[in-house]
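Here is a note for a colleague meeting this structure for the first time. Please read the points below with the model open.

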Amino acid sequence: MCISIMNPVLLSKHSYLLFLLLLGVLNGFTCSFGFADTPSSDMPPLSLTPEEQQWIATHPVIRICPDPNYPPFEILTPDGEYEGISADLIRIIADMAGFTLEVVPCENWSQCIEKIKNREIDILGAVYISDLRTQYLSYSDPIYSSPLLIITRNTAPSDLTITDLYGKSVAVVDGYTSHLLLATQYPDIYTVVVPDVALGLEKVVFGSADAYVGDLATAAYHTEKLGFTNLQVSGVIAPSDTSFHNLAFGIRSDQPVLVSIINKGLRSLPESRKKAILTKWIPASLISPLINRQILIAAGIVIAFFCIIIIGFFVWNRSLRKAVAEKTRQLVDELDERKRILTELQQKNDELSAAYEQIAATEYELKRQYRQLIESQEELKEQERILRQVRFSIDQSHDMMMWLDKNGNIRDVSGSVLSALGYAREEYNSMNMSAIDPRFTIHAGFDLSGRDDIAPIRYETEFLTKEKTPIPVEVSLISYEYAEETMILLSARDIRERRMMEELKKKAFTQIDKNIEQFAILNDQIRNPLTILMIYAEEMDSPDGEKILEEILKIDTIVDKLDKGLLESDKVRAFLRRYYNHTEGDDFGR
């Protein structure tokens with residue numbers, strides 16, 4: 001196979017020119033001699049310890065869960081075939097060690113992580129070496145070295161560092177080391193978690209993310225495959241631990257013997273075999289060029305070969321000029337079309353960015369309205385609690401409360417109305433106040449008040465119960481406005497007991513008057529004969545006369561006391577009349 005050239009948008013201008021020169025030499029060299037193909041010779045079996053042999057005997061099948069979309073390291077084809085750098089390496093190691101490989105497919109990398117955490121699989125195909133997963137994962141020797149790169153649109157600066165991403169949105173694949181690194185060590189960076197590399201790069205292309213963090217090989221593969229033309233490598237994330245740049249097999253932390261077996265297999269592979277596998281899957285532009293004596297000799301041969309071709313091209317130049325011109329025209333047209341498409345994409349990107357900002361503003365406004373709604377609900381709950389207390393107090397009151405409209409129709413009643421009049425609450429919904437108080441009229445109320453409203457009006461009337469029993473009541477009417485409607489609050493108090501007490505007072509006062517008059521008559525009736533007896537006793541000149549006179553004086557003293565009591569009774573009667581006339585009216589005692 002021939003080595004392809006990576007899309008230059010991921011490299012700087014000077015780096016790309018250098019790679020282009022070397023790749024021209026290497027491409028011709030590998031295409032001519034076929035060094036890029038994977039050698040097909042079988043490898044000898046591994047030299048395993050008795051413990052390792054016993055372990056394989058008890059674990060003949062090793063389960064591997066590949067990332068379904070992590071080219072060129074791991075790929076699951078539509079037919080379910082496991083391909084890529086990791087697939088080639090682990091199959092060779094399986095043949096050398098003598099175990100069977102079972103591929104456990106998953107929809108995404110996060111599911112693979114969960115399976116190895118739950119000990120449902122034994123190996124992950126390609127994972128960065130770091131201390132972020134040591135609680136459930138061990139690592140083999142490195143199979144590939146590639147730093148984590150900061151990939152942005154080509155309008156961004158080309159010398160970014162990790163601190164330049166603070167406050168920016170950075171796309172990372174869910175569960176990848178880049179995701180764990182930014183989430184645990186760089187909380188000031190806003191991570192946009194995506195299910196795969198292609199979607200992460202797409203978010204950068206269309207502006208919904210400021211950057212993507214990942215390795216160069218996978219990013220270049222998707223960039224070239226999807227035809228993205230506005231991306232570039234703008235920086236490198238360089239942790240203090242250089243092993244962080246290395247990809248390796250991830251192995252269950254509770255299987256140290258399997259780690260030893262995998263490492264023996266990797267160390268037994270010749271470098272030429274490893275390079276052949278890498279060359280098969282990774283464009284040569286992604287592998288650090290090795291300039292040595294063999295390459296220089298091959299370059300000389302290729303240059304000589306190219307010189308011969310150039311002479312042939314010169315001979316055939318005239319005949320091919322027309323074809324070249326036509327091809328140039330087609331390329332120019334294609335370039336113009338690409339520019340047009342790029343312009344349209346940029347316009348769409350601007351529109352999407354504007355829409356995103358509008359959505360963000362709308363989201364903020366919705367959150368603000370939601371907070372206001374929560375506050376309003378709390379206020380309504382408090383008002384409802386207060387209204388319940390007020391309604392409970394009204395229902396427990398002895399006074400009858402009714403709410404009427406301006407036509408006298410009953411809208412609602414308190415609990416005391418139900419018990420006093422005997423109607424069910426539902427019956428009041430179709431009743432007018434005149435059914436309870438035949439003398440009730442709204443207009444009469446207006447006439448009595450002499451005003452445009454009916455507050456306050458107080459009068460006495462009689463309510464009829466459901467059994468048509470009259471109940472004397474004292475009524476108070478108050479009008480108010482509610483929901484742009486005039487309403488009337490009617491408060492009625494049962495005055496049967498009060499009237500009964502008034503009747504009792506009248507009877508008591510009448511009896512007092514009668515008693516006072518009888519006392520006055522009796523006093524006169526006693527004094528008249530007593531005066532005559534006193535005259536007779538004075539004319540008698542004897543001890544009996546004096547004794548009679550003495551007794552008459554005693555009787556006279558008693559009569560004087562009765563006179564004083566009569567005067568006091570007159571004062572009490574006058575006081576009661578004044579008090580009653582002041583508080584109850586002129587009818588008391590009449």
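1. **A loop residue to start with.** Arg-119 sits in the loop between helix 4 (109-117) and strand 6 (123-128). Helices (H or I, at least four residues) and strands (E, at least two) are DSSP runs, numbered from the N terminus. Arg-119 is not a glycine, yet its phi is positive, about 60 degrees. Most residues other than glycine have a negative phi, and most peptide bonds are trans. With a relative accessible area of 27%, Arg-119 is partly exposed. Here buried means under 20% relative accessible area, exposed over 50%, and partly exposed in between (1.4 Å probe, protein chains only).

2. **What kind of model this is.** The model is predicted: local features need pLDDT of at least 70, side-chain atom pairs count only at pLDDT 80 or more, and totals for chains, interfaces and linings use all residues. Residues are numbered from 1 along each chain as its sequence is written, and side-chain values use heavy atoms, with hydrogens and water left out.

3. **Confidence.** pLDDT is the predictor's confidence in each residue, from 0 to 100. Its mean over the protein is 79, and 81% of the residues reach 70 or more. Among the elements, strand 1 (residues 61-65) has the highest mean pLDDT, 96. Helix 1 (residues 13-33) has the lowest, 37. Over residues 1-9 the pLDDT is below 50, and this stretch has 35 contacts in the model beyond near neighbours in sequence. Contact means heavy atoms within 4.5 Å. Residues 444-451 also stay under 50, with nine contacts beyond four places in sequence. Where pLDDT is low, the predicted coordinates should not be read in detail.

4. **Overall make-up.** The protein has 15 helices and 18 strands. Of its 590 residues, 36% count as buried. Take the contacts with a separation of 6 or more: residues 24 or more positions apart account for 65% of them.

5. **Helix 11.** This helix covers residues 317-396, 80 residues in all. From its first C-alpha to its last it reaches 112 Å, close to the 118 Å expected at 1.5 Å a residue. The expected span is 1.5 Å times one less than the number of residues. Helix 11 has a kink of about 25 degrees, centred on Ala-323. The bend at a residue is the angle between axes fitted to the seven residues ending there and the seven starting there.

6. **The cores.** A nonpolar core is a set of buried Ala, Val, Leu, Ile, Met, Phe, Trp, Tyr and Cys residues joined through side-chain atoms within 4.5 Å. Which members of the largest core touch the most others? They are Phe-99, Leu-124, Phe-249 and Ile-262, out of 88 residues. Helix 3 (residues 85-97) gives the most to this core, nine residues. Apart from it lies another core of 22 residues, including Leu-404 and Met-433.

7. **Ala-97 and Ile-262.** Ala-97 lies in helix 3. It counts as buried because its relative accessibility is 10%. The C-alpha atoms of Ala-97 and Ile-262 are 8.5 Å apart, across 165 residues of chain. Beyond four places in sequence, Ala-97 touches Leu-46, Leu-48, Ile-56 and Ile-261.

8. **Strand 11.** Both faces of strand 11 (residues 211-214) are covered. Ala-211 and Val-213 are buried on one side, Tyr-212 and Gly-214 on the other. Two strands pair if DSSP finds at least two bridges between them. Strand 8 (residues 148-153) pairs with strand 11 in the antiparallel sense over three bridges, and Ile-150 stands opposite Val-213. Strand 9 (residues 169-173) pairs with strand 11 in the parallel sense over two bridges. There, Ala-171 has Tyr-212 as its bridge partner.

9. Pro-72 lies in the loop between strand 2 and strand 3. A cis peptide bond joins Pro-71 and Pro-72, with omega about 5 degrees.

10. **Another positive phi.** Lys-468, also not a glycine, has a positive phi near 65 degrees. Its loop runs between strand 16 (457-464) and strand 17 (470-482). Is Lys-468 buried or exposed? It is exposed, with a relative accessible area of 52%.
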